[in-house]
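Here are my notes on the model, as numbered points. Please read them with the structure open.

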Amino acid sequence: MSGAGSSGDGGPRRELDRASAELLSERDLHHTLEVAGMAVATGEPPTSRILAVSPEFCALTGYSEAELLERTFVDLTHPDDRSRDLAIYHEAVGGGADREWRSEKRFVRKDGAIRWVVVRGAVFRDERGNAVRAVGVIEDITERKQAEEALRRSEERFRAAQELSLDAFFVLRAARDEGGRVADFVFEFANPAAGRLLRRPVEAFVGRRLLDVLPDQRTDLFPLYVRVVETGEPHDIEVGYTADGHRMWVRNMAVKVGDGVAVSCSDITARKQAEQALLDADRRKDEFLAMLAHELRNPLSAIQFALRVSQMPSVPEPRRAWAQAVMQRQLSQLGRMVDDLLDVSRITRGKITLKQEPLDLGHVVYQAVAAAAPLIDASKHELTLDVGPRPLSVFGDTARLEQVIVNLLTNAAKYTREGGRIWLTARPEGAEVVVRVKDTGYGIPEEMLPRVFDLFEQAHPTLDRARGGLGIGLTLVKRLVEMHSGSVSAASEGEGRGSEFTVRLPAAEPLGEPEGAPGPVAGALARRILVVDDNRDHALALALLLEQAGHVTALAHDGPEALAAARSFAPEVVLLDIGLPKMDGYEVARRMRGEAGAGALRIVAFTGYGQQDDLRRSREAGCDAHLIKPIAPEVLFAHIAGGER
């Protein structure tokens, strides 16, 4: 019996011993993990109910042991992670054999805080394979997750910044030879701006070697990058290079990153071009100032010597006349230079106002030819003129258009060897009137054609300097033509093959027939003229000129003296300087006009002040005209006679 009994009781006892051994094994494992300071929890597989926890698990969740034994693992899991976590758990529990699992999820603490954990679990089964316990070791990975998230966000911001950046950015990894030396670099990363800078898609060079992509940089950037890797010292340089046939300038900055370099490149081509343009403009300005000094000294020297000749009592009359002619020519040259300088200044500051009216450009051409004839004749050039039979109707300023054509003719005369030929044609062409000035002169180099109208620019700055000129005539031509809504262009087949300048102006409605030709200005009538100027030499010379023309004159040299002379002399015309001592010319004009009445006295401002504001102030002060020194005597006589304003 006993044997039988013993034999009969053997099966259940073995099962009990086995279960006790497994339970002991589970408890030993639990205790061992607790001693190791790890968070451990035991659960009931079918229900996920918590059966046992370690103090570390309590600290992790914020709940007491008693509170946790009333909960399930699902209760602790973040709602967004439950379905995924349960799927992993159920797969491990229902596998039919000892199964382990790993799950990364979020716990919600008692205080509501979120903690990231990784659970590594194992399932304990009975001899029939039924899951009886699930033990998990829980590791708090919140800080790691936060670091990973911060890194991810940093990488996102970095990539977004690189995507949007206008500067090229790329990372190069060093490629070393068998001796450990840097033999090349490999593109590991490049932003879209790097592709634009290198003028090729990013995917076409990322993963390729630097010297395969930019072989011309072997002697420039490559050794600099090697130095950055070997010394750790960054560099920041400006370098020019050619990409896909396109020449560029970049600011290249590189720092060491691991076994390579991170490089940032800013396109500074526009800045470099602007700097070069400034240098060129400064050079042209210096050349212009040197030329201006030369051009001013030449006529002044000629005037000085001619004046000395004319003052010598023993000089024969023909030589005295020659000296006077020299002084007249040189004074005219000085006047033209001053006018050109002032015109350029006024145009660049937008101070010129055109007096536009319907006119026949053919008449303007004839006037311009007459003005340029002395220089053309002196150079023994042959001028061919063709303006056609019909009127060339345009809407413009007669004086300024004449200035345009005179400048083109004098330019042709100066830059054509003696005995050359000049052609001037003016013709209607569609909706335009076109003026062409062609010569057999020195021509214009091809590289100069785009810049020939630029200020301070000359195609032949050293040629024929004795003929005078500041090299700003073509700038004036371009600005004045454009102010008339026209255009001007230059053409040349090269040096020594002549030049052609073409002016195009909008055509206007044909002019009507004039009712009658204007008669000559009545300048023979003698006038009583008061000359007011603090420059005594100028005042006396002007008075002598007027007296030679039959007029009666009186002089005054300041404002109060002018008012007194006006009362005693009773002039019909006053030639009034503006820059007077004691009282300026504007005030003198106002007082004279107040005493004499509106039409009883003709007041002509005769001054070196020629800005638009000066003209406005003289008009408001009561002046009938505003003349700018120097002025041709014939024009002055016409104003005195009242024929012009």
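This is a predicted model: local features need pLDDT of at least 70, side-chain atom pairs count only at pLDDT 80 or more; totals for chains, interfaces and linings use all residues.

1. Searching the whole structure turns up 3 cavities of 30 Å³ or more. The largest cavity has a volume of about 200 Å³. It is lined by 17 residues, and the closest to its centre are Phe-73, Tyr-89, Trp-101, Lys-105 and Val-119. As background, rolling a probe the size of a water molecule over the atoms shows where empty space is left.

2. Lys-105 is one of the residues closest to the centre, and Lys counts as charged.

3. Second largest cavity. About 90 Å³ of space lies here. The lining includes Phe-170, Leu-197, Leu-198, Leu-210, Leu-214 and Leu-221. Gln-217 and Asn-252 are also part of the lining, as are Tyr-225, Tyr-241, Val-250 and Cys-265. Helix H7 (192-198), helix H9 (221-231) and strand S9 (246-256) each supply at least two lining residues. By class, 10 lining residues are nonpolar, 2 are polar and none is charged.

4. The structure holds 37 salt bridges. In one of them, the side chains of Glu-238 and Arg-271 meet at 2.6 Å, N to O. This pair links distant parts of the chain: Glu-238 sits in strand S8 (residues 235-243) and Arg-271 in helix H10 (residues 269-311), 33 residues apart. Glu-238 counts as partly exposed because its relative accessible area is 37%. Arg-271 is also at 37% relative accessibility, so Arg-271 counts as partly exposed. In general, side chains of opposite charge can pair when their charged atoms come close.

5. A buried salt-bridge pair. Asp-624 and Arg-593 form a salt bridge through their side chains (3.0 Å, N to O). Asp-624 lies in the loop between helix H18 (612-621) and strand S22 (625-628), and Arg-593 lies in helix H17, so the pair ties together parts that are 31 residues apart in sequence. Buried or exposed? Asp-624 counts as buried because its relative accessibility is 17%. Arg-593 is at 14% relative accessibility, so Arg-593 counts as buried.

6. The side chains of Glu-620 and Arg-616 meet at 3.0 Å, N to O. Both residues lie in helix H18, 4 residues apart, about one turn of the helix. An α-helix has 3.6 residues a turn, so residues three or four places apart point the same way. Glu-620 is exposed because its relative accessible area is 55%. Arg-616 is at 32% relative accessibility, so Arg-616 counts as partly exposed.

7. A salt-bridge network. Which residues are linked in a network of salt bridges? They are Arg-102, Glu-104, Arg-144, Lys-145 and Glu-148.

8. Positive phi values. Most residues other than glycine have a negative phi. Ala-570 is not a glycine, yet its phi is positive, about 55 degrees. Ala-570 lies in the loop between helix H16 (559-569) and strand S20 (573-576). Its relative accessibility is 48%, so Ala-570 counts as partly exposed. Lys-582 has a positive phi as well, near 75 degrees. Lys-582 sits in the loop between S20 and helix H17 (585-596). Lys-582 counts as exposed because its relative accessibility is 73%.

9. Helix H14 and what follows. Which residues of helix H14 (residues 473-483) are buried? They are Gly-473, Leu-474, Thr-475, Leu-476, Val-477, Leu-480 and Val-481. Ser-485 follows H14, and its phi is positive, near 65 degrees.

10. A nonpolar surface patch. Leu-540, Leu-544 and Leu-555 form a nonpolar patch on the surface. Together they have about 250 Å² of accessible area. Leu-540 is placed in helix H15 (residues 536-548). Leu-540 counts as partly exposed because its relative accessibility is 45%.

How values were computed:
Residues are numbered from 1 along each chain as its sequence is written. Side-chain values use heavy atoms; hydrogens and water are left out. Patches are made of residues with over 30% relative accessible area and no salt bridge: like charges are joined within 9 Å, nonpolar side chains (Val, Leu, Ile, Met, Phe, Trp, Tyr) within 5 Å. Accessible areas come from the Shrake-Rupley method with a 1.4 Å probe; for residues, only the protein chains shown count as cover. A salt bridge is a side-chain nitrogen of Lys or Arg within 4 Å of a carboxyl oxygen of Asp or Glu. Buried means under 20% relative accessible area, exposed over 50%, partly exposed in between (1.4 Å probe, protein chains only). On a 1 Å grid over the protein atoms alone, a cavity is a set of points where a 1.4 Å probe fits but cannot get out, and a pocket is an open set with protein on both sides within 12 Å along at least five of seven lines; lining residues have an atom within 4 Å of a point. Grid points are joined across faces, edges and corners, and a volume is the space filled by probe spheres set on the points.
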